[in-house]
Amino acid sequence: MLKSLKGHFLIATRKLNDQNFYRSVVLIVEHNNEGATGLIVNRPSSFSITNALSRYFDMPKLEDLVFMGGPVEPNGMFALHNAGDLEKAKDAIVPGLFMGSSPEVFEQVVWRISEGDPNLDFRIFFGCAGWAPSQLESELDRMDWLTTPATAEDIFEIDPYDLWDTLHGRAMEERRFLPQETAHPEWN
């Protein structure tokens, strides 16, 4: 039986030889026997949300940037958000974090952004990352990725430019089997 990595981060190791994922952190939003889907959460683009969505929505000028979610469906737009009232609780990626489950939800998130909802945490993405059945498991077996459980706070509160370093360090610490420091150096 497949152990789903939904709600986990994939952290690219230094040996991963794919420039699409160099020093990337991918949030897995779906993982089952049919494959996996994720969003690169540490790659802001140079486009503001206002510029990216101005053809579709009348919005105030926002400085928030659209993120490049991955090489698959580069023109597709995806939203991560904390508006649980727009989603079914079972659809949470992790507690307090949802991916717009339909065009209608995406539109409602955008309207809340444009209205300046102070309780809304969000990220808008162009594209996503995808893996065919068993592809991600093969990459994990090759040690291309480290994994660690995700939290909404990691995405919304850590500077995206620091996210790879922070989560790479966390994942390495979780895999450490010898203590780094000890009160008894003679045990080394």
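Arg 170 has a relative accessibility of 27% and therefore counts as partly exposed; this class lies between buried, under 20% relative accessible area, and exposed, over 50%, for a 1.4 Å probe and protein chains only. The model is predicted, so local features need pLDDT of at least 70 and side-chain atom pairs count only at pLDDT 80 or more, while totals for chains, interfaces and linings use all residues. Residues are numbered from 1 along each chain as its sequence is written, and side-chain values use heavy atoms, with hydrogens and water left out.

## Salt bridges

Side chains of opposite charge can pair when their charged atoms come close. A salt bridge is defined here as a side-chain nitrogen of Lys or Arg within 4 Å of a carboxyl oxygen of Asp or Glu. A search of the whole structure finds five salt bridges, and the table presents some of them.

| Arg 170 and Asp 154 | 2.9 Å | Arg 170: 27% | Asp 154: 6% |

In the bridge between Arg 170 and Asp 154, the partner Asp 154 is buried. This pair links distant parts of the chain, since Arg 170 belongs to helix H5 and Asp 154 to helix H4, 16 residues apart. Helices (H or I, at least four residues) and strands (E, at least two) are DSSP runs, numbered from the N terminus.

## Leu 167 in helix H5

Helix H5 also holds Leu 167. Is this residue buried or exposed? With a relative accessibility of 0%, Leu 167 counts as buried. Beyond four places away in sequence, Leu 167 touches Phe 9, Ile 11, Val 25, Thr 148 and Asp 154, where a contact means heavy atoms within 4.5 Å. Leu 167 and Ile 28 are separated by 139 residues in sequence, and their C-alpha atoms are 14 Å apart in space.

## Nonpolar cores

In soluble globular proteins, nonpolar side chains tend to be buried together. A nonpolar core is a set of buried Ala, Val, Leu, Ile, Met, Phe, Trp, Tyr and Cys residues joined through side-chain atoms within 4.5 Å. The largest such core of this model has 38 residues, and those with the most contacts inside it are Phe 9, Val 26, Leu 27, Val 41, Leu 80, Trp 131 and Trp 145. Several elements each supply at least two residues of this core, among them strand E1 (8-12), strand E8 (122-131), helix H4 (152-157) and helix H5 (163-175). Which element provides the largest share? Strand E2 does, with five residues.

Val 26 touches residues from several parts of the sequence, including Phe 9, Phe 21, Ile 40, Ala 129, Trp 131 and Trp 145, when residues up to four places away are not counted. A second, separate core has 19 residues, including Ala 52, Leu 53, Val 66 and Val 109.

## Aromatic pairs

A pair of aromatic rings is described by the distance of the centres and the angle of the planes. Rings of Phe, Tyr and Trp (its six-membered ring) pair if their centres lie within 6.5 Å; planes under 30 degrees apart count as stacked, over 60 as edge-to-face and the rest as tilted. The count by this rule is five aromatic pairs.

The ring centres of Phe 21 and Trp 145 are 5.5 Å apart with planes at 75°, so this pair is edge-to-face. Because Phe 21 lies in the loop between E1 and E2 and Trp 145 in strand E9, the pair ties together parts that are 124 residues apart in sequence. Phe 21 is buried at 10% relative accessible area, and Trp 145 is buried at 4%.

Trp 131 and Trp 145 are also edge-to-face, because their centres are 6.2 Å apart and their planes stand at 80°. Trp 131, at 6% relative accessibility, counts as buried. Phe 21, Trp 131 and Trp 145 form one aromatic cluster.

## Positive phi values

Most residues other than glycine have a negative phi. Glu 73, in strand E6, has a positive phi of about 50° although it is not a glycine; its relative accessibility of 48% makes Glu 73 partly exposed. Met 143, in the loop between helix H3 (135-141) and E9, has a positive phi near 70°, and Met 143 is exposed at 53% relative accessible area.
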